[in-house]
Amino acid sequence: MFDLTGLNPSILIVDDEKEELHAYKFLLESMGLKDITILDDSRNVLETLEQLDAPVVFLDLNMPKKSGKEVLKEIKAQMPHVPVIICTANSDLETAVQCLKLGAHDYLVKPISMSTFGSALRNASEIGSLRSELLSLKRIGTETGLKNPENFKSMVTQNSTMEGIFHYIESIAKSGQPVLVLGETGAGKELVAKAIHDSSGLKGEFVAVDVSGLDDSLFSDTLFGHAKGAYTGADSNRPGLVERAAGGTIFLDEIGDLNETSQVKLLRLMQERIYYPLGSDKPKQCQARIVAATNKDLNAMTITGGSFRRDLYYRLSTHLIKLPSLRERKEDIPLLTEYLAEEAAIGMGKPVPVFSPQAMRMLTAHDFPGNIRELKTYIYDAVARCSGDIMEDRFIAERLGELTREQTVQIISGEPLEQIFGHFPTLEEITQYAVTSAMKSANNNQSQAAKLLGISKQALNKRIQKRGR
C-alpha cells in the first residue's frame, strides 16, 4: 500500500495521449494524492513547473511537438532539483541509459503497475524534497529575512542560532518528512513544532500529545482510536489523534519515554503509513505529518542499553532540530521578560510594569535550568504581585534566591556606600565588592560574571587571583 499524502508532492504528468493522462491521474488519486496537473503539450512544461511547489514530473518520451528527451534536457538545465520519471512503452536498454545520463530519476516501461508507480513516486518525492532543502540551506547564509515571519511571532529572539533554526524550519516545512526536535525541558519545543506546522501550509489541525505517561494500551487508544466493543466500556467507535490530525501535523512530545512495544507500533505507522484502531482488523491510512520531541539524547539511548530503537530514531530524525537552552541565549532574556510581562499584565487586566536594570541583571545572571517555562513562572508571579507601574526588584530576587532580604532592601532603597562598608570605601574596595557580588550572582561562573562587570574573563581572573593573595 502506498499512502503518499504525507509527502505533499505536486505532480505534473506530460503525455500527448489524453486517455493515458486521465488513467495516470486516476491511479494517483486512488493513492490519496490531490495536487495533480496533466499536460498534453510538451512545449508548456517549464512554464507549468514554475507554478508548482516541489514538483515531480512523469514524462512520456515519444511526443510530436517536443520529444521527452528535449524536455528532460530543458528541465535539468533550468530546474535541476526537479525529479523526472520517464514513462514510455520503449523498453530499449540504450534509450533508458541515455535518459538516466541526461538526469532522469527513474525509467518506467508501460504498462506500469500500481506498486511500481507508487514506489517510483515516493523515492522521487523524497529525493526532490531533500534537494530543495539543500538549496534552501545554501541560501540561508545570504538571506536576511524570513519568507513568513508571522509563523515565528510566538518565539521572541535575537539569537543567531535561533534565527538559523527559523530559516531551517522554512526550508524543511513542506517536505512532509518527520522532524525530531531536541531540547531541554521548557526550551520551547512545542512552539517549534507549531512553527513547522504553520510554515508547511497544511490545512489540517496541529494536534499535540504528551506520550510520556502512556502505557502501550493507552498509547494505541490515544493515537489510533478504537472500535466499538474493543474493551469494556468501548460503547462506540472513537477516532484517535492520528485521524484527527489528518491533513495536518501530530506532535508527539517526550518521545524518549515511549516503551518498546509502542516504539514498534510507531515505527510501523511511519514505515507503512497505516494503523489499526484497537479491536479492528481494517487498516486506516495515516495522513498526518509527524513531529516528535524529547529532552533526552536518543542517539545515545540507541547504544547504551538499547532502550530506544535505532531504526525508529533514524525515521524520526529525517530532519533534526537542536534547540538551545535559555542560558545559551541570554541576550534573549530581556526581550522575553518584556514579552511575558506584557502577556501576563494584559491577561490580568493590569498595567505593564517596567523592570529596572538591576532586575534584568539578576535575571540575566540566573542559569534557568527550567528554561523559558521557568522564566515565565517568575514573571507571571511578579506581575501578579506588582501593584504599580514599576516592578519591585525584590519580587524577582525572592524567586531567584540570589540575594538575602537585607541585600535586597539595600538595592531597592539605594543606601549610601558608608552603610554597606561601614565607612566610605576606597576604589579598590568597591572593585573587589563588585567582583564578589558578580561571582555570587553568576553562581561562580566567571564568563557570566565578566559579562555582568563589563570586562573580559581574563581581567576578571586577574582580579580574583589578586583578591586571593
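## A buried arginine in a loop

Let's start at Arg273, which sits in the loop between H10 and strand E11 (274-275). Arg273 isn't a glycine, yet its phi is positive, at about 60 degrees. Is Arg273 buried or exposed? Its relative accessible area is 11%, so Arg273 counts as buried, the cut-off being under 20%. Keep in mind throughout that this is a predicted model.

## The whole protein

Now step back for the overview. The protein is built with 21 helices and 14 strands. It has 469 residues, and 46% of them count as buried. Its accessible surface comes to about 23,200 Å², with carbon and sulfur atoms making up 51% of that.

How much of the contact in the protein links residues 24 or more positions apart? Taking the contacts with a separation of 6 or more, such pairs account for 68%.

## H8 alongside H10

Back to H10, the helix on one side of Arg273's loop. Helix H10 (residues 260-272) packs with helix H8 (residues 216-224): their axes come within 9 Å and cross at roughly 25 degrees. Angles under 35 degrees count as roughly parallel, so that is the label for H8 and H10. The crossing of this pair is right-handed.

Which residues of H8 meet H10? They are Asp216, Phe219, Ser220 and Phe224, and on the H10 side they find Thr261, Ser262, Lys265, Leu266 and Leu269. By type, the residues of this H8 and H10 contact split into 4 nonpolar, 3 polar and 2 charged.

## H3 alongside H4

Another helix pair worth a look is helix H3 (residues 68-78) with helix H4 (residues 93-102). Here the axes are 10 Å apart, and the packing angle is about 20 degrees. That angle makes H3 roughly parallel to H4. As for handedness, H3 passes H4 in a right-handed crossing.

On the H3 side, the contact involves Lys69, Leu72, Lys73 and Lys76, while H4 brings Thr95, Gln98, Cys99 and Leu102. The residues where H3 and H4 touch come out as 3 nonpolar, 2 polar and 3 charged.

## Leu180, well covered

Next, find Leu180 in strand E6 (residues 179-182). Its relative accessibility is 0%, so Leu180 counts as buried. What does Leu180 touch, leaving aside residues up to four places away in sequence? The list is Ile255, Ala292, Ala293, Leu298, Tyr313, Leu316, Ser317, His319, Leu320 and Ile321.

Pick out Ser317 from that group. Leu180 and Ser317 are separated by 137 residues in sequence, but their C-alpha atoms are 4.9 Å apart in space.

Phe368 is a non-glycine residue with a positive phi, of about 50 degrees. You'll find Phe368 in the loop between helix H14 (357-365) and helix H15 (371-385). With a relative accessibility of 1%, Phe368 counts as buried.

Finally, look at helix H20 (residues 446-453), where the buried residues are Gln448, Ala449 and Ala450. Just after H20 comes Gly454, with a positive phi of about 75 degrees.

Conventions: Residues numbered from 1 in each chain as written. Predicted model: local features only at pLDDT ≥ 70, side-chain atom pairs only at ≥ 80, totals over all residues. Heavy atoms only, no water. Axes fitted to C-alpha atoms, helices over the stretch in contact; angles between N-to-C directions. Helix = DSSP H or I, 4+ residues; strand = E, 2+ residues; numbered from the N terminus. Parallel < 35°, antiparallel > 145°, perpendicular 65-115°, else oblique. Left-handed = near helix turned anticlockwise from the far one by under 90°. Contact = heavy atoms within 4.5 Å. Nonpolar A, V, L, I, M, F, W, Y, C, P; charged D, E, K, R; others polar. Buried < 20%, exposed > 50% of the residue type's maximum accessible area, 1.4 Å probe, protein only. Areas by Shrake-Rupley, 256 points an atom, 1.4 Å probe, with all protein chains shown as cover.
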